Amino acid sequence: MHFNIFGRGLTLRVAVAITCQMAFVFFGYDQGVFSGIIGNPNWLDRFGHPNSSLEGIIVSIYNLGMFSGCVLNFVVGEKLGRRKSMWLAMAFVIVGATLQTSAFSTPHLMVARYITGIGTGIDTTTTPVYQSELCDARIRGRLVSSEPLFVGVGIVIAYWFDYGMSFVGG
């Protein structure tokens, strides 16, 4: 069964544009939210007050996962197609986020961040191409070049969330 809730024409193009831009908001949020977590006293206690080198590895392994996701998408992206690649990316992100949320050890957290990074890498290499294929040619450049703006929006949301949560104990 196939559902077409957005119709055709302009309505569908707007829905695709909003969805693609939200992918980049989530990308920015995912990058920005961890900066508030690593300074949290409860997090530091749980993960044994990692030194700055280990903390840097915990943070940057997400970027290594994104690089791996880009390479993986280069290998399998054309075979899967755009939509299936984005579904695969979201599966990695959901598994990785679930593992990050449930992490109680540093290796567990590192594996979780790596997995989340793979999904983000696949998503950020697929979404701009998908959006440019489906949008109107007159606004293609504007839509695709606005994606970094939406990464920034996600980072700002994460920073404000981190700031607000800094006043909450537990």
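Predicted model: local features only at pLDDT ≥ 70, side-chain atom pairs only at ≥ 80, totals over all residues.

Colleague: Okay, in what order do the elements of the protein run from the N terminus on?

Modeller: The tally for the protein is seven helices and zero strands. Read from the N terminus on, the order is α-α-α-α-α-α-α.

Colleague: What share of the residues counts as buried?

Modeller: The C-alpha atoms fill a box of roughly 55 × 35 × 30 Å along the principal axes. Buried means under 20% relative accessible area. Of the 170 residues, the share that counts as buried is 37%.

Colleague: How are helix α1 and helix α7 oriented to each other, parallel or oblique?

Modeller: Helix α1 covers residues 10-37 and helix α7 covers residues 147-165, and their axes are 6 Å apart. The two pack at an angle of about 40 degrees. That angle is why α1 counts, relative to α7, as oblique.

Colleague: And which hand does the crossing of α1 and α7 have, and how many charged residues are in their contact?

Modeller: α1 passes α7 in a right-handed crossing. Residues making the contact include F24, F27 and Y29 of α1, along with F150, V151 and F161 of α7. By class, there are 13 nonpolar and seven polar residues, and the charged ones number two.

Colleague: What about helix α3 and helix α4: at what angle do they cross?

Modeller: Helix α3 spans residues 52-80 and helix α4 spans residues 82-101. Their axes come within 7 Å, and the crossing angle is roughly 130 degrees.

Colleague: Which residues of α4 does α3 meet?

Modeller: α3 and α4 are oblique to each other, and α3 passes α4 in a right-handed crossing. From α3 the residues are L72, N73, G77, E78 and L80, and in α4 they meet R82, K84, S85, L88 and F92.

Colleague: Which elements give two or more residues to the largest nonpolar core?

Modeller: That core has 10 residues: F34, I38, W43, L44, F47, I58, I61, A103, L109 and M110. The elements giving two or more of them are α2 (41-46), α3 and α5 (106-134).

Colleague: What does F34 touch?

Modeller: F34 is one of the residues in the largest nonpolar core. Leaving out residues up to four places away in sequence, F34 touches W43, I58, V59, L109 and R113.

Colleague: Is F47 buried or exposed?

Modeller: F47 sits in the loop between α2 and α3. Away from its neighbours within four places in sequence, F47 is in contact with A103, F104, S105, T106 and L109. Its relative accessibility is 9%, so F47 counts as buried.

Colleague: And how far apart in space are F47 and L109?

Modeller: In sequence, F47 and L109 are 62 residues apart. C-alpha to C-alpha, the distance in space is 9.3 Å.

Colleague: Last one: what is the phi of H49?

Modeller: H49 is found in the loop between α2 and α3. H49 is not a glycine, yet its phi is positive, at about 45 degrees.

Definitions and conventions: Residues numbered from 1 in each chain as written. Heavy atoms only, no water. Axes fitted to C-alpha atoms, helices over the stretch in contact; angles between N-to-C directions. Helix = DSSP H or I, 4+ residues; strand = E, 2+ residues; numbered from the N terminus. Parallel < 35°, antiparallel > 145°, perpendicular 65-115°, else oblique. Left-handed = near helix turned anticlockwise from the far one by under 90°. Contact = heavy atoms within 4.5 Å. Nonpolar A, V, L, I, M, F, W, Y, C, P; charged D, E, K, R; others polar. Core = buried A, V, L, I, M, F, W, Y, C linked by side-chain atoms within 4.5 Å. Buried < 20%, exposed > 50% of the residue type's maximum accessible area, 1.4 Å probe, protein only.
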